[in-house]
Amino acid sequence: MVGLGGGVFMVPIFSAFLGVPIKTAIAASGLAVIVGSMGSATVYLQHRMVNLRLALVLLIATTLGAIGGALLVATAPATILRAAFALALYAMIVLMSLRRASAQPVTTGPDRLGLRSSFYDPAVGGTVQYVPQLVGIGALSSTVAGFMSGLLGIGGGVVQVPLMNVLMRVPVKAAAATSTYMIGVTVVGSALLYYANDLLVPRVAVPAVLGVFLGAQVGSHLGRHVHGSWLRRILMLILFYLATTLLLQALGIPVPGAR
Amino acid sequence: MPRTESTVTPAEQIDCGEAHLGQLSQLLARLYRLWLGLALALLTLGLVLDLFEDSKLEQATVPLTDLPTALMDGQPVALETAALLFAALGPVVGLLVMFSACARHGDRRTTALVGVVLLVVAALPIARLVGGR
């Protein structure tokens, strides 16, 4: 409904309120993120909005970052993970509160990697063409999105979409579509590592995967009828509450209702 | 047998055109839809069988080395583990399809890119899966 993926809500709710160990919650969330990404990507792929070649270039960086993050999950103390998740949620709130002006796409110029692409945008009633800029810097910065994804079991789209739009001048719809496709591939390596490290628990992962899939179906229909700015404000409040709960728990301060 | 003339120009042999990448996108969309349907059906079946067996879900997945035997024994947790792995591998199958399509089309650049991504995705987790469990 809001394009954040289920992980940003699932991990803190499972961990802080349902008593699920945070590493188990991260692993379940990672798998749910793959399923959610595949479900959403089918629509974008069908409408040819995903820039496949750009996705491949960035995926090398995001996947390496994600594997690095997933390796840390197995060894990092739970309190550190809780604090890291809380800080990531605060950063997301800041990103959501910024009113970003969408960067204008660059349509001409050198394109050594052949990343030029176009898609039909019904909102403008025509085809939008673009040539991604600063690909090297974009790829390096994508490692951060991948690392967050592997470490925290979240999609990373909240970092990847602004990065592609503002830095690489990819139109926001193409950036969202390409990021959605990338998330699924990015998390595969982490998910297999979670499994190898015994962090994948069916009792948590099976309901999480089914729940995220059903929730995404309901959310994508509901999202069209809810006013965007109000929805964003409510979500920011919820994220703030979850982030603060996790941070207090990481600091050893008891929170009413939390475990 | 008469040889047919190739309609692909040298420039197209080096790179997939946007039209080909568009077709590839639609192929991936169909593959993802089918893969998700199968994964969720398997997962639901495992969940139902597990709940019928002892009214609760398992605490641990089945290690990869024991998975074939556990599946043959009809253990619900094995079905759940297989379904979770099946779902996780969906994007990798998408990459393999892309690799094969671009290689057949002679697009060396995209084929090489997919190859590197596949290598990065697979290398470490497979080493851990084989060595660690």
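We'll go through the core, the contact between the chains, and a hairpin.

Tutor: Keep in mind that this is a predicted model.

Student: Okay, how many residues does the largest nonpolar core have?
Tutor: It has 115 residues. Those with the most contacts inside it are A:Leu31, A:Ile34, A:Ala205, A:Val209 and B:Ala87.

Student: And which helix gives the largest share of this core?
Tutor: That's helix 7 of chain A, residues 172–196, with 16 residues.

Student: What is A:Ala205 in contact with, leaving aside its neighbours within four places in sequence?
Tutor: In chain A, A:Ala205 is in contact with A:Ala27, A:Ala28, A:Leu31 and A:Leu200. From chain B, B:Leu84 is in contact with A:Ala205 too.

Student: Now the two chains. How many residues of each are in contact?
Tutor: On one side there are 45 residues of chain B, and on the other 42 residues of chain A.

Student: Which helix of chain B gives the most to the side that touches chain A?
Tutor: Helix 2 of chain B does, with 15 residues.

Student: What classes of residue are on that side of chain B?
Tutor: The side of chain B that touches chain A has 28 nonpolar, nine polar and eight charged residues.

Student: New topic: in which sense do strand 1 and strand 2 of chain A pair?
Tutor: Strand 1 (117–121) and strand 2 (126–130) of chain A pair in the antiparallel sense, over five bridges. For example, A:Ser117 has A:Tyr130 in strand 2 as its bridge partner.

Student: And what lies between those strands?
Tutor: The hairpin has four residues between the strands, and A:Gly125 takes a positive phi near 65°.

Key. Residues are numbered from 1 along each chain as its sequence is written. Chains are lettered from A and ligands numbered from 1 in the order in which they are written. This is a predicted model: local features need pLDDT of at least 70, side-chain atom pairs count only at pLDDT 80 or more; totals for chains, interfaces and linings use all residues. A nonpolar core is a set of buried Ala, Val, Leu, Ile, Met, Phe, Trp, Tyr and Cys residues joined through C-beta atoms within 7 Å. A residue is buried if 20 or more other C-beta atoms lie within 10 Å of its own, exposed if 12 or fewer, and partly exposed in between; C-beta atoms are placed from the backbone. Helices (H or I, at least four residues) and strands (E, at least two) are DSSP runs, numbered from the N terminus. Two residues are in contact if their C-beta atoms, placed from the backbone, lie within 7 Å. Ala, Val, Leu, Ile, Met, Phe, Trp, Tyr, Cys and Pro count as nonpolar, Asp, Glu, Lys and Arg as charged, and the others, Gly among them, as polar. Two strands pair if DSSP finds at least two bridges between them.
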